[in-house]
Amino acid sequence: MKGYLGFFMLVAALTAYMWRDTFDPESVRGARVLITGASSGIGEQMAYHYAKFGAQIVITARRVNALKTVVQKCEKLGAQKVMYVPGDMSDPADPERVFKYAVENLGGLDFLVLNHVGNMNIELWNGDADHVRSLMQVNFVSFVQMAAAAFPVLETSGGSIIVVSSLAGKLASPFVAPYTSTKFAMNGFFGALQNELAIKKSNVSVSILILGLIDTEAAMNKIKGFNTMTAYPASEAALSIIKAGATRQKEAYYPWFHYFTCLINNIFPFGKDILLSSLSAENKE
């Protein structure tokens, strides 16, 4: 027992050391940043943080009026430059078009923040393969498209790709099978890409952010009646994403304790089966 306790204390100490806050706000002052999914939620909050740090920003999403509102607030918060470009990531032509706009208007790029997400329902999978295919385009394929366009530019600047993922990409979750599949694909692809970049000795970094439940309006509306978990502030999540990208962390978690959620799941995978069995029994009663 003492051996196990010592092991977990060592893991905790190493984790605390690796996750110590080394972020310097000056490291993003003047940085050229493209943020996707930035008309609301976490993306909107990231735009505000980058603006406060004095970055140069291009934001994109589908809703033009919402983008205009975010741009106006970013200007007041101190962004050196801020622009928007409407984009629909379900259209295979838009990821590269949006990226090209950002590079041409910023004169290059330092941070590509991939944050957009497609629409989904919280329900048992109904067999709709077309929905899975369309969601994969938005949540995964468009990420790959933008990364492919970004690499030559980021190699020049020594820049970073920041990938906003989810706990659902680490733990296969019921009621969100299509969404979960896209996040597993995202984590697998960009995790493999990190290894390939290391082999090539590339100066481009890839940071993968694993988020728990965040209190965005969209998320809260989706989970009504399905979830009693605590939701954490979008503004804090946004800042943790920016810090992880700026300090070139390979993987980071918000809230931090979800690192241990994933670790425990990997060590005791049968725990989830027991939980689901108990829920199934309750539903039958």
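Predicted model: local features only at pLDDT ≥ 70, side-chain atom pairs only at ≥ 80, totals over all residues.
Reader: Why is Phe140 called buried?
Author: A residue is buried under 20% relative accessible area, exposed over 50%, and partly exposed in between, with a 1.4 Å probe and protein chains only. Phe140 has a relative accessible area of 16%, so Phe140 is buried.

Reader: What is Phe189 called by that scale: buried, partly exposed or exposed?
Author: The relative accessible area of Phe189 is 31%, and therefore Phe189 is partly exposed.

Reader: What makes Phe140 and Phe189 an edge-to-face pair?
Author: Rings of Phe, Tyr and Trp (for Trp, the six-membered ring) pair if their centres lie within 6.5 Å, and planes under 30 degrees apart count as stacked, over 60 as edge-to-face and the rest as tilted. The rings of Phe140 and Phe189 are 5.9 Å apart centre to centre, with 80 degrees between the planes, which makes the pair edge-to-face.

Reader: Why can this pair be said to tie together separate parts of the sequence?
Author: Helices are DSSP runs of H or I with at least four residues, numbered from the N terminus. Phe140 lies in helix H5 (residues 129-157) and Phe189 in helix H6 (residues 177-199), so the pair ties together parts that are 49 residues apart in sequence.

Reader: What makes Trp256 and Phe257 edge-to-face, and how accessible is Trp256?
Author: Trp256 and Phe257 are 6.0 Å apart centre to centre with 80 degrees between the planes, and this pair is edge-to-face. Trp256 has a relative accessible area of 53%, so Trp256 is exposed.

Reader: How do you know that the charged end of Lys73 sits over the ring of Tyr48?
Author: A charge sits over a ring if NZ of Lys or CZ of Arg is within 6 Å of the ring centre and within 35 degrees of the ring normal. The charged end of Lys73 is 4.5 Å from the centre of the Tyr48 ring and sits over that ring.

Reader: What is the largest nonpolar core?
Author: A nonpolar core is a set of buried Ala, Val, Leu, Ile, Met, Phe, Trp, Tyr and Cys residues joined through side-chain atoms within 4.5 Å. The largest has 39 residues, and Ile35, Met46, Tyr50, Ile57 and Ile59 have the most contacts inside it.

Definitions and conventions: Residues numbered from 1 in each chain as written. Heavy atoms only, no water. Helix = DSSP H or I, 4+ residues; strand = E, 2+ residues; numbered from the N terminus.
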